[in-house]
Amino acid sequence: MSDSTNSDQENIVITFVKQFRNDLQSDELYRRKKTLQNINEKIFPEGVKYSQSVYHQTFADCHLQVLKCFRDSSETCRELAVQLMANFIKHLDLNDYYLTYIFPVLVERIGTAELVEQSEELRLELVNFLLLIVTTYAKNECLVPFLNVAVNILRQTVVDDYPKIKEASCKCVIELAAALPRHFHLQCDSLVKPVIQSFRHQHYRIRVIAIRAIGEIILHSSSSTNIMEMTVGPLAEKLFDSVPNVRQTIAEVAARLLTEYRDRYSHFHKLLPLILTGLCDEVPETKTRTEMLWVKVGQQYEKENESDLKDQLDFPVNAVAHYPKEVARPNLGCRVLVQRHVSKMVGAICNELSSWQDDIRVRCAQLLCSIVLHCEQFFTQSLQDVLPTMYTACADRDSRVYDNVMRAARLIGTFVPVSTWSPLVLPSLQDSPTYGHLRVLRCITTGCSPEDLATITVDIGDILVSEIVRSGSRKVEYQQELVECCRPLVSNRDVSTQMFEVLLCVASTDTTARTSAKQLLVGLQDTAHSVHVLLTRLLLSDAAIWTSVSADRCMFDALLVEWGAVLVLHLALLNDVLMCALDEHCEPEARLKTYEALSTFLQAHPLPHLQRPPPRRVFDTFVDRLIKEILLVALVWRAGRTAEALRTAATYCLSHALPRATKLPVIDESQFAQFLALLVTLIEDAATRTRLYAIHTLIDLGRLLKDNPPRHRQWTNTTAVTLLKRLDDPTSLIRVDALNSLITIAHGTHELDTQNIQYLVDTVLLHMDDEDNVIKEAALDVLKEVGRHDKAYLVEKLHNDKLLFKNGSACDELVQYLNKLSL
């Protein structure tokens, strides 16, 4: 197209605009709408570009009418007017003349507290129109006079209810900061609160763009303002956002502020948590992105402080030999940056780790891990402040919290010298210890090198074996942590005694930790010495004050039940402890439990290795003292159900002690008579089990009297009469047991007095007519055994009274049996 043709066309456009511009004021909606469309198509035809003079002239001719259409009652006309003005901005040269007319209308429509533009779509168009102006006039002085107006508009639109308007407004804030970097700080303060309101929007894209907008505001703000204080809290809250993109945006903004913010050196301690927390993020992509940004931050800091770090750069300190293999060591700049500001962050971490909100505690625990990893041995100065909080956090109900705190504790053990942390951690265990204290100790010792740990193994063992620690709580968490604290120490002979006592204390509880404790006990060395030391300590302690839940009593019972094979090597000492533990002044329930454990010890260990004479004599001495000094006292009748239960338990122990003895306890005739009379009394006790155990004991006593004929004769007659009385017992089990025991008596009928033989035959014959077949058979067996040794009176009795018995078949069988004996 020639220049003359082009000029003619431009004149036509100008003439057209002048001719139809007044139609924009028509009362007819259709005409206004059509005119806007025609002007737009005429001035800005597709593929045709006119000279600036045409655009300038047409703008001058119609801008008042077009801008007036921004207020048109028709939404369509308002939209077309916005599009027409947007085209003018795209094609006109940069000049504040145009903006002078546009901005007042924008303020009128979307820049006031009162909502003027009712259409959400049109408000979005107007914000996009403002965004177009900002990007078009970027870094141009023409926009400077309108900065205040633009900020006022954005203050209103950024809090709009329509999400897309919020998003476009935040983008406009970002572009405005980039467009006027030298002037933006003059007006940016007023945008902080409106933008922060979008941090809580339900759409994560809004939250992301709002965070980026706040980053730009901070980056371009003046150091004299308190914008950093206003924004760092809301930014930190977004570290708990459930959307990974939001958390990643926080890291990106923090990284940019750490490298580009003019006053960053004054605010490092506020910005570091925003990026350090991301290093432990659960999402791999977010974590990787944060690590990349953090490396760049450290490299820049290292470069900016090259003169201060010259010695460390020239003579780098190598990582400790046991540095965690699962993590990479941060570069020097990252480490120094954290080390120089850790003191300003620890206090806040301690406070927030006690927050009632789970997410806050989780992120603070992650931040603690990152800080310890970067500080390495320099964390020593903050250790005393953070340990109490770690004890509490390790007992948190949220596994994410205590997992990270435990990881931090392992890192402390890796980096902080043993001589530094042990005087802080170990004494704290003696003041109301919790499983949080034990968990921290366990993790710290896990992180230590074996060489360093060996230097304080004895100290740790002494702390764990102290009563306040090993008996601190019966909760399963506490007990399990106690076992785990012992695990790395069980192989050390220097603390085998302490470990035995601690693990035995756990094994004596009813928690699930007892299985782990028993497994570790098996691997301990020199258990015989450990048992001796424990028995000695128990003897020196006041067993008279033991209760049913006392840790020492539980340990002693566990020794009797589980370690009988070792206890037999210390029977004299065991007797001394038993005398204290079973004293009649001790708590009845505690004594009852100890009797149960003692019976298990006597019953479960047949003592095959004690067949050699010296050890056997030792065991006989043990049984002798047990019976004379403990059991005989406990067997004396006392009123009450508690006394009855204790009598039953003592009788049960006696029934298992006598079979393991090879001789009767050393007692004189009067004492023997009292002992026999006591057993006879027990056979008549009200408790069924006591009567049953007493019968067994009385029969076992006869075995020990074979070498003493006078006493054996006395025992035979007394036992026979006593057992015959029990044939009328209300419990069939006692009656059967008494008849079975009479068979033993019948073996020695030659020792029975004549009247007792007659009494035996007369009584047992009566029970041949019992309704219980078992008792009938047992009675028949007793009479057969009597007939084998002394049948004269039995034959006479059967001959005279046979017709009186209902059980004629049994009588016939007995007669036939006796006749066979005669042959």
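Helix H17 (residues 342-352) packs against helix H19 (residues 380-393) with the axes 10 Å apart and an angle of about 10 degrees. This is a predicted model, where local features need pLDDT of at least 70, side-chain atom pairs count only at pLDDT 80 or more, and totals for chains, interfaces and linings use all residues. Residues are numbered from 1 along each chain as its sequence is written, and side-chain values use heavy atoms, with hydrogens and water left out.

Helices here are DSSP runs (H or I, at least four residues), numbered from the N terminus. Axes are lines fitted to C-alpha atoms, for helices over the stretch in contact, and angles run from 0 to 180 degrees between N-to-C directions. Angles under 35 degrees count as roughly parallel and those over 145 as roughly antiparallel.

On the H17 side, the contact (heavy atoms within 4.5 Å) is made by Val342, Val346 and Cys350, and on the H19 side by Gln381, Ser382, Asp385, Val386 and Thr389. Sorted by class, that contact has four nonpolar, three polar and one charged residues. For these classes, Ala, Val, Leu, Ile, Met, Phe, Trp, Tyr, Cys and Pro count as nonpolar, Asp, Glu, Lys and Arg as charged, and the others, Gly among them, as polar.

Here are the pairs side by side.

| Pair | Angle | Axes |
|---|---|---|
| H17 and H19 | about 10 degrees | 10 Å apart |
| H11 and H13 | roughly 20 degrees | within 10 Å |
| H32 and H33 | about 155 degrees | 11 Å apart |

Helix H11 (residues 227-237) and helix H13 (residues 268-276) cross at roughly 20 degrees, and that makes H11 roughly parallel to H13. Met228, Glu229, Val232, Leu235 and Ala236 in H11 meet Lys270, Leu271 and Leu274 in H13. This contact divides into six nonpolar, no polar and two charged residues.

H32 brings Leu571, Leu574, Leu578 and Ala581 to the contact, while H33 brings Arg591, Thr594, Leu598 and Phe601. By class, that gives six nonpolar, one polar and one charged residues.

**The core**

The largest nonpolar core has 268 residues, and Phe129, Trp294, Phe379 and Leu464 touch the most other members. Such a core is a set of buried Ala, Val, Leu, Ile, Met, Phe, Trp, Tyr and Cys residues joined through side-chain atoms within 4.5 Å. Helix H18 (residues 358-375) gives the most to this core, eleven residues. Setting aside neighbours within four places in sequence, Phe129 is in contact with Phe70, Val82, Met85, Ala86, Ile89, Ile102 and Leu106.

**Two loop residues**

Buried means under 20% relative accessible area, exposed over 50%, and partly exposed in between (1.4 Å probe, protein chains only). Glu141, in the loop between helix H6 (120-136) and helix H7 (147-157), is exposed, with a relative accessible area of 54%. Glu141 lies 42 residues from His183 in sequence, and their C-alpha atoms are 10.0 Å apart.

His220 is found in the loop between helix H10 (204-219) and H11. Its relative accessible area is 11%, so His220 is buried. Not counting residues up to four places away in sequence, His220 touches Ala177, Pro181, Phe184, His185 and Arg262. From His220 to Pro181 is 39 residues in sequence and 6.5 Å in space, C-alpha to C-alpha.

Technical notes
Parallel < 35°, antiparallel > 145°, perpendicular 65-115°, else oblique.
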